[in-house]
Amino acid sequence: MVPFRVIRGAALALLLLAIACRRDLAATVLAHARTVPPSTALQADVTRFARVGMHRPIVFNRRPADDEIAIIFVDPATDWEALARNDAAARYVHDNCYTSAAGRTVVCDGAVLVKRPDVLLDVPATEEQRLAFARWILGHELGHIATATAGFHTDPRTDLHRARDLAQQRREYAADCWMVHTFERAVPLAEQIAFESFAIDVINAHFRRAEPDRPAGVGLIFDYTKTDPYDFRGGGTHPDTILRSIRILHVAADARHDRSLQQLIAPLVRKLVPDPLWTDRGPCGLS
């Protein structure tokens, strides 16, 4: 008999396959939902990412042609239950983004870009922080196309106690890694630092919430006196957001040979429970 945890670990892979096989999902969204244009700054960013990272043009809110990549931004006010009556797969994109690498299409619920930064930071995000988060989401989704994998930005299921799907988590890390290395080549240093500052803000927001009585500190404000290691290894298909943020900083510091950033994150990395997907091999350091 196949163990139950293996069945559950395979569930998202089947979900991704089912959505990928439904080539009408983007058509359903375009036909039955209102789309919204990206900001000028975000449009310029993702256009650079696709050109530098994959040598492909980007189009917005329409189906891709030839070698194009399409990003569809769905109005945050969309009734996703009604949309799911036209295509059941649409419900999994609610409050999320989904990428079909084969279809070279990203479908994003615009509400994610509006609401998620506030949730991660526990305070209303600034415009700079919102742009940094949007770069993360869309850079990650383009990373799925570049690495020929399908994926969501976050796990579409909410049971955090599921068995850890290491294969899919490796794909999610790889998409984040592609994003960081493409940022290094595509945007000025000031924009790279703004993005990394957002990742630091996400990590610090977690520790302010989880450790209100921690010792005072600067930079990354975790409890450096803590004896037990921090365990951010997530269940299911996606690495924990805090672990992803730490990983993004780790990859960025290595890619840019930034000793200041390496020294900033090293004390926290030393306090983590080892992640079996992290190694010191290759540009992404993935097992």
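Student: How many cavities of 30 Å³ or more does the structure hold?

Tutor: In this predicted model, there are three cavities of 30 Å³ or more. On a 1 Å grid over the protein atoms alone, a cavity is a set of points where a 1.4 Å probe fits but cannot get out. Grid points are joined across faces, edges and corners, and a volume is the space filled by probe spheres set on the points.

Student: What lines the largest cavity?

Tutor: The largest cavity holds about 80 Å³ of space. Its lining consists of Val180, Phe183, Glu184, Gln192, Phe195, Glu196, Ile248, Ala252, Ala255 and Arg256, where lining residues have an atom within 4 Å of a point. Helix H7 (166-186), helix H8 (189-210) and helix H9 (241-256) are the elements that give two or more residues to this lining. Helices (H or I, at least four residues) and strands (E, at least two) are DSSP runs, numbered from the N terminus. The largest share, four residues, comes from H9.

Student: And how do the residues of that lining divide?

Tutor: Six are nonpolar, one is polar and three are charged. Ala, Val, Leu, Ile, Met, Phe, Trp, Tyr, Cys and Pro count as nonpolar, Asp, Glu, Lys and Arg as charged, and the others, Gly among them, as polar.

Student: Now the pockets: which residues lie nearest the centre of the second largest pocket?

Tutor: Pro38, Ser39, Leu42, Leu113 and Ala134 do, out of 15 lining residues. A pocket is an open set with protein on both sides within 12 Å along at least five of seven lines. About 340 Å³ of space lies in this second largest pocket, and H6 gives the largest share of its lining, four residues.

Student: Changing topic, what is the strand order in the sheet?

Tutor: The open sheet has five strands in the order E1-E2-E4-E3-E5, with mixed pairing; two strands pair if DSSP finds at least two bridges between them. Strand E1 (58-60) and strand E5 (151-152) are at the edges with a single partner strand each, so one side of each has no neighbour in the sheet.

Student: How many bridges join E2 to E4?

Tutor: Five bridges join strand E2 (residues 69-74) to strand E4 (residues 105-109), and the two run parallel. Ile71, for instance, has Val106 in E4 as its bridge partner.

Technical notes
Residues numbered from 1 in each chain as written. Predicted model: local features only at pLDDT ≥ 70, side-chain atom pairs only at ≥ 80, totals over all residues. Heavy atoms only, no water.
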